[in-house]
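Load the model in your viewer and keep the selection panel open.

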Amino acid sequence: MSLIETCTERLAAAIRTGDVYKRYKRALDELKLMPEEKAKMDELRILNYRMQNEEKDIDLYEAIDQVAERMDELLEIPQVREFLLAEQALCRQLQNINATIHQGIEIDVPDL
């Protein structure tokens, strides 16, 4: 195994044993106990993904309204709210790790 592979495995292990990931897993496990709410949450996440990545096939104004309306309803459920906060914290942690790696490596990318 190369040094990069070893370090990557160690980083993944460190993330899995960290508080942010543990919070995310607890929140996910709690949400899984509520299959109907989890299904609604997953539908909302899919709609949000499509809205951000498939702009050609979706009416953005309608999609934004749907997301906002559904989000307000779902955020009233404590388990959903905790899951979203935990997921956001994990995503931010992963983004910060990615940014740190990119800052430490010189890659010649043209300005877009």
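Is Lys38 buried or exposed? The model is a predicted one, and in it Lys38 has a relative accessible area of 19%. The cut-off for buried is under 20%, so Lys38 counts as buried.

**Stop 1: Lys38 and its surroundings**

Select Lys38, which sits in helix α3. Now show what lies around Lys38, leaving out neighbours within four places in sequence: the contacts are Leu28, Leu31 and Lys32.

**Stop 2: α2 against α3**

Select residues 19-32 for helix α2 and draw both axes: the axes of α2 and α3 come within 7 Å and cross at roughly 115°.

**Stop 3**

Asp42 is partly exposed because its relative accessible area is 24%, whereas Lys38, at 19%, is buried.

**Stop 4: from α3 to α5**

Next, select Arg45 and Glu87. Their closest N and O atoms are 2.4 Å apart, in a salt bridge. This pair links distant parts of the chain, with Arg45 in helix α3 and Glu87 in helix α5, 42 residues apart. Which of the two is buried, and which partly exposed? Glu87 counts as buried at 16% relative accessibility, while Arg45 counts as partly exposed at 30%. Display Lys38, Asp42, Arg45 and Glu87 together: salt bridges that share partners join these four into one network.

**Stop 5: from α3 to α4**

Select Lys40 and Glu73. Their side chains meet in a salt bridge with an N to O distance of 3.9 Å. This pair, too, links distant parts of the chain: Lys40 is in helix α3, Glu73 in helix α4, and 33 residues separate them. Lys40 has a relative accessible area of 33% and is therefore partly exposed. Glu73 also counts as partly exposed, at 46%. How many salt bridges does a search of the whole structure find? The search finds six, the Lys40 and Glu73 pair being one of them.

**Stop 6: the largest pocket**

Clear the display and select Met41, Leu44, Arg45, Asn48, Tyr49, Gln52, Asn53, Val67, Met71, Leu84 and Glu87, which line the largest pocket. Its volume is about 220 Å³. Colour the lining by class to see six nonpolar, three polar and two charged residues.

Which helix gives the most to this lining? That is α3, with seven residues. At least two residues come from each of α3 (35-53), α4 (60-74) and α5 (78-103).

Two parts of the tour come together here. Arg45 and Glu87, the salt-bridge pair of Stop 4, are both in the pocket lining.

Note on methods. Residues are numbered from 1 along each chain as its sequence is written. This is a predicted model: local features need pLDDT of at least 70, side-chain atom pairs count only at pLDDT 80 or more; totals for chains, interfaces and linings use all residues. Side-chain values use heavy atoms; hydrogens and water are left out. On a 1 Å grid over the protein atoms alone, a cavity is a set of points where a 1.4 Å probe fits but cannot get out, and a pocket is an open set with protein on both sides within 12 Å along at least five of seven lines; lining residues have an atom within 4 Å of a point. Grid points are joined across faces, edges and corners, and a volume is the space filled by probe spheres set on the points. Helices (H or I, at least four residues) and strands (E, at least two) are DSSP runs, numbered from the N terminus. Ala, Val, Leu, Ile, Met, Phe, Trp, Tyr, Cys and Pro count as nonpolar, Asp, Glu, Lys and Arg as charged, and the others, Gly among them, as polar. Axes are lines fitted to C-alpha atoms, for helices over the stretch in contact, and angles run from 0 to 180 degrees between N-to-C directions. Buried means under 20% relative accessible area, exposed over 50%, partly exposed in between (1.4 Å probe, protein chains only). Contact means heavy atoms within 4.5 Å.
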